[in-house]
Amino acid sequence: MSRTPVLRAAVVGTGHRAQLFTRGLAERPGHVVAALCDPSPTRMAFHNRLLASTGAPAATPWEPDRFTGMLTEEGIDEVVVTSAPGAVHGDMAAGHTGGARLTLRPLWRPPVDVPLAVAHEAHGGGDPRMLDALFGPVGPTRPADTAAAPHPTATERDGALALAVGLAANRSFETGRPVRTDELITG
(Lines give C-alpha, C1' and ligand atoms only; values in the text may rest on other atoms or scores of the structure.)
Protein backbone atom coordinates (compact mmCIF):
# COMPACT_ATOMS: atom_id res chain seq x y z
CA MET A 1 0.00 0.00 0.00
CA SER A 2 1.09 3.53 -0.65
CA ARG A 3 1.73 5.87 2.24
CA THR A 4 0.55 8.99 0.44
CA PRO A 5 -2.84 10.72 0.42
CA VAL A 6 -3.19 9.66 -3.23
CA LEU A 7 -4.73 6.21 -3.70
CA ARG A 8 -2.83 4.10 -6.22
CA ALA A 9 -5.06 1.94 -8.42
CA ALA A 10 -4.42 -0.98 -10.76
CA VAL A 11 -6.78 -1.70 -13.64
CA VAL A 12 -6.82 -5.43 -14.40
CA GLY A 13 -8.10 -6.15 -17.89
CA THR A 14 -7.76 -3.36 -20.44
CA GLY A 15 -10.51 -4.25 -22.88
CA HIS A 16 -13.21 -1.86 -24.06
CA ARG A 17 -15.16 -1.89 -20.76
CA ALA A 18 -12.05 -0.81 -18.83
CA GLN A 19 -11.88 2.61 -20.53
CA LEU A 20 -14.62 3.94 -18.27
CA PHE A 21 -12.65 3.00 -15.15
CA THR A 22 -9.26 4.14 -16.45
CA ARG A 23 -10.62 7.56 -17.38
CA GLY A 24 -12.78 7.82 -14.25
CA LEU A 25 -9.91 7.03 -11.87
CA ALA A 26 -7.55 9.37 -13.74
CA GLU A 27 -9.99 12.25 -13.38
CA ARG A 28 -10.93 11.51 -9.76
CA PRO A 29 -9.16 13.69 -7.17
CA GLY A 30 -6.88 11.72 -4.86
CA HIS A 31 -6.50 8.78 -7.26
CA VAL A 32 -3.88 7.74 -9.78
CA VAL A 33 -3.87 4.75 -12.13
CA ALA A 34 -0.45 3.40 -11.23
CA ALA A 35 -0.56 0.03 -13.03
CA LEU A 36 -2.30 -1.78 -15.85
CA CYS A 37 -2.44 -5.58 -15.92
CA ASP A 38 -3.33 -7.41 -19.15
CA PRO A 39 -1.80 -9.98 -21.49
CA SER A 40 -2.03 -7.47 -24.38
CA PRO A 41 0.70 -4.80 -24.53
CA THR A 42 -1.27 -3.09 -27.29
CA ARG A 43 -4.35 -2.63 -25.11
CA MET A 44 -2.24 -1.38 -22.20
CA ALA A 45 -0.57 1.13 -24.56
CA PHE A 46 -4.04 2.29 -25.64
CA HIS A 47 -4.98 2.87 -21.99
CA ASN A 48 -1.76 4.80 -21.38
CA ARG A 49 -2.69 7.05 -24.32
CA LEU A 50 -6.11 7.44 -22.70
CA LEU A 51 -4.41 8.44 -19.43
CA ALA A 52 -2.20 10.93 -21.29
CA SER A 53 -5.32 12.50 -22.86
CA THR A 54 -6.55 13.32 -19.33
CA GLY A 55 -3.19 14.78 -18.30
CA ALA A 56 -2.45 11.82 -16.00
CA PRO A 57 0.94 10.09 -15.92
CA ALA A 58 1.40 6.76 -17.70
CA ALA A 59 0.71 3.61 -15.72
CA THR A 60 3.23 0.80 -15.51
CA PRO A 61 2.18 -2.18 -17.68
CA TRP A 62 2.21 -5.62 -16.03
CA GLU A 63 1.59 -9.11 -17.34
CA PRO A 64 -1.05 -11.14 -15.46
CA ASP A 65 1.44 -13.73 -14.22
CA ARG A 66 3.20 -10.97 -12.25
CA PHE A 67 0.00 -9.71 -10.57
CA THR A 68 1.13 -10.37 -6.99
CA GLY A 69 4.44 -8.60 -7.57
CA MET A 70 2.59 -5.68 -9.13
CA LEU A 71 0.56 -5.16 -5.96
CA THR A 72 3.62 -4.79 -3.76
CA GLU A 73 6.06 -3.14 -6.17
CA GLU A 74 3.56 -0.47 -7.25
CA GLY A 75 2.11 0.09 -3.74
CA ILE A 76 -1.42 -0.58 -5.00
CA ASP A 77 -4.33 0.49 -2.77
CA GLU A 78 -7.23 -0.35 -5.10
CA VAL A 79 -7.69 -2.99 -7.80
CA VAL A 80 -10.37 -2.61 -10.46
CA VAL A 81 -11.08 -5.88 -12.30
CA THR A 82 -12.88 -5.22 -15.57
CA SER A 83 -13.60 -8.77 -16.71
CA ALA A 84 -17.17 -9.99 -17.22
CA PRO A 85 -19.36 -9.50 -14.12
CA GLY A 86 -19.36 -12.41 -11.69
CA ALA A 87 -16.86 -14.53 -13.60
CA VAL A 88 -13.19 -15.28 -13.16
CA HIS A 89 -11.64 -17.30 -15.96
CA GLY A 90 -8.53 -19.37 -15.64
CA ASP A 91 -6.79 -21.52 -13.13
CA MET A 92 -7.05 -21.39 -9.36
CA ALA A 93 -5.59 -18.46 -7.51
CA ALA A 94 -2.25 -19.08 -5.87
CA GLY A 95 -2.56 -20.54 -2.38
CA HIS A 96 -1.27 -17.44 -0.63
CA THR A 97 -3.73 -15.07 -2.31
CA GLY A 98 -6.77 -16.09 -0.27
CA GLY A 99 -8.91 -17.03 -3.26
CA ALA A 100 -11.10 -14.87 -5.46
CA ARG A 101 -13.23 -12.03 -4.06
CA LEU A 102 -15.26 -9.43 -5.89
CA THR A 103 -16.33 -6.16 -4.28
CA LEU A 104 -18.63 -3.86 -6.21
CA ARG A 105 -18.03 -0.20 -5.42
CA PRO A 106 -20.99 1.75 -6.84
CA LEU A 107 -20.62 5.51 -6.99
CA TRP A 108 -22.06 7.29 -3.95
CA ARG A 109 -23.04 4.01 -2.24
CA PRO A 110 -21.25 1.65 0.14
CA PRO A 111 -19.26 -1.28 -1.29
CA VAL A 112 -21.03 -4.61 -1.70
CA ASP A 113 -19.39 -8.06 -1.72
CA VAL A 114 -20.68 -10.01 -4.73
CA PRO A 115 -20.93 -13.81 -4.59
CA LEU A 116 -18.41 -15.16 -7.08
CA ALA A 117 -18.59 -18.49 -8.85
CA VAL A 118 -15.19 -19.58 -10.13
CA ALA A 119 -14.81 -22.39 -12.66
CA HIS A 120 -11.42 -24.12 -12.71
CA GLU A 121 -12.30 -27.34 -14.44
CA ALA A 122 -12.94 -26.14 -17.96
CA HIS A 123 -9.68 -25.48 -19.78
CA GLY A 124 -10.38 -28.43 -22.08
CA GLY A 125 -12.96 -26.36 -23.92
CA GLY A 126 -13.68 -23.10 -22.15
CA ASP A 127 -15.27 -21.66 -19.05
CA PRO A 128 -18.86 -22.99 -18.70
CA ARG A 129 -20.36 -19.50 -18.29
CA MET A 130 -18.56 -18.25 -21.39
CA LEU A 131 -19.71 -21.32 -23.33
CA ASP A 132 -23.30 -20.74 -22.16
CA ALA A 133 -23.07 -17.19 -23.49
CA LEU A 134 -21.68 -18.37 -26.84
CA PHE A 135 -23.66 -21.59 -27.43
CA GLY A 136 -26.56 -21.41 -24.96
CA PRO A 137 -27.16 -23.86 -22.11
CA VAL A 138 -26.44 -27.54 -22.71
CA GLY A 139 -30.07 -28.46 -22.16
CA PRO A 140 -33.37 -26.80 -21.23
CA THR A 141 -33.34 -28.15 -17.67
CA ARG A 142 -29.63 -28.29 -16.84
CA PRO A 143 -27.13 -25.44 -17.25
CA ALA A 144 -23.73 -26.24 -18.70
CA ASP A 145 -21.73 -25.67 -15.52
CA THR A 146 -23.21 -28.74 -13.80
CA ALA A 147 -21.03 -30.91 -16.09
CA ALA A 148 -24.18 -32.88 -17.04
CA ALA A 149 -23.16 -32.73 -20.70
CA PRO A 150 -20.15 -31.18 -22.41
CA HIS A 151 -20.26 -28.18 -24.69
CA PRO A 152 -18.68 -28.39 -28.13
CA THR A 153 -14.91 -28.13 -27.88
CA ALA A 154 -12.78 -25.86 -30.03
CA THR A 155 -11.04 -27.21 -33.11
CA GLU A 156 -7.85 -25.99 -34.78
CA ARG A 157 -10.02 -23.88 -37.11
CA ASP A 158 -11.74 -22.24 -34.13
CA GLY A 159 -8.34 -21.43 -32.65
CA ALA A 160 -7.15 -19.88 -35.92
CA LEU A 161 -10.33 -17.79 -36.16
CA ALA A 162 -9.92 -16.61 -32.56
CA LEU A 163 -6.31 -15.65 -33.31
CA ALA A 164 -7.42 -13.70 -36.40
CA VAL A 165 -9.99 -11.79 -34.33
CA GLY A 166 -7.33 -10.99 -31.71
CA LEU A 167 -4.89 -9.79 -34.37
CA ALA A 168 -7.60 -7.61 -35.92
CA ALA A 169 -8.42 -6.15 -32.49
CA ASN A 170 -4.75 -5.32 -31.88
CA ARG A 171 -4.47 -3.66 -35.31
CA SER A 172 -7.65 -1.69 -34.58
CA PHE A 173 -6.13 -0.44 -31.30
CA GLU A 174 -2.98 0.59 -33.19
CA THR A 175 -4.75 2.37 -36.05
CA GLY A 176 -7.90 3.61 -34.32
CA ARG A 177 -10.09 2.26 -37.12
CA PRO A 178 -12.13 -0.91 -37.73
CA VAL A 179 -10.12 -3.79 -39.16
CA ARG A 180 -11.56 -6.74 -41.06
CA THR A 181 -9.89 -10.10 -40.48
CA ASP A 182 -9.51 -10.64 -44.24
CA GLU A 183 -7.31 -7.48 -44.36
CA LEU A 184 -4.74 -9.34 -42.27
CA ILE A 185 -4.44 -12.35 -44.55
CA THR A 186 -2.00 -11.88 -47.40
CA GLY A 187 -1.23 -14.17 -50.32
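Tutor: We can. Keep in mind that this is a predicted model.

Student: How is a pair of helices described?

Tutor: Two packed helices are described by two values, the angle between their axes and the distance between the axes. Here the pair is α1, residues 18–27, and α2. Their axes come within 9 Å and cross at roughly 35°. The crossing of α1 past α2 is right-handed.

Student: Which residues of α1 and α2 meet?

Tutor: On the α1 side they are Ala18, Gln19, Thr22, Arg23 and Ala26. On the α2 side they are Phe46, His47, Leu50, Leu51 and Ser53. Sorted by type, the residues of this contact are five nonpolar, four polar and one charged.

Student: Take threonine 22 in α1. Is threonine 22 buried or exposed?

Tutor: Threonine 22 counts as buried because its relative accessibility is 0%, and the cut-off for buried is under 20%.

Student: What is threonine 22 in contact with, leaving aside neighbours within four places in sequence?

Tutor: Threonine 22 is in contact with Val11, Val33, His47, Leu50 and Leu51. Of these, His47, Leu50 and Leu51 are also on the list for α2.

Student: Now the sheet. In what order do the strands come?

Tutor: Four strands form an open sheet here, in the order β3-β2-β1-β4, with parallel pairing. The edge strands are β3, residues 60–62, and β4, residues 78–81, and each pairs on one side only. From one strand to the next the twist averages 30°.

Student: How many bridges join β1 to β2?

Tutor: Six bridges join β1, residues 7–12, to β2, and the two strands run parallel. The chain gets from β1 to β2 through α1, in a β-α-β crossover that is right-handed.

Student: How many of the residues of β2 are buried?

Tutor: Seven of its seven residues are buried, so β2 is mostly covered.

Student: That leaves β4. How many bridges join β1 to β4?

Tutor: Four bridges join β1 to β4, and these strands also run parallel. One of the partner pairs is valine 12 with valine 81 in β4.

Student: How many helices and strands does the chain have?

Tutor: The chain has five helices and eight strands. From the N terminus, the elements run β-α-β-α-β-α-β-β-β-β-β-α-α.

Student: What can be said of the chain as a whole?

Tutor: The chain has 187 residues, and 27% of them count as buried. Among contacts with a separation of 6 or more, 59% come from residues 24 or more positions apart.

Terms used:
Residues are numbered from 1 along each chain as its sequence is written. This is a predicted model: local features need pLDDT of at least 70, side-chain atom pairs count only at pLDDT 80 or more; totals for chains, interfaces and linings use all residues. Side-chain values use heavy atoms; hydrogens and water are left out. Two strands pair if DSSP finds at least two bridges between them. Axes are lines fitted to C-alpha atoms, for helices over the stretch in contact, and angles run from 0 to 180 degrees between N-to-C directions. A crossing is left-handed if the near helix is turned anticlockwise from the far one by less than a right angle, and right-handed if clockwise. Contact means heavy atoms within 4.5 Å. Ala, Val, Leu, Ile, Met, Phe, Trp, Tyr, Cys and Pro count as nonpolar, Asp, Glu, Lys and Arg as charged, and the others, Gly among them, as polar. A crossover is right-handed if, with the strands pointing away from the viewer, the path from the first strand over the helix to the second runs clockwise. Buried means under 20% relative accessible area, exposed over 50%, partly exposed in between (1.4 Å probe, protein chains only).
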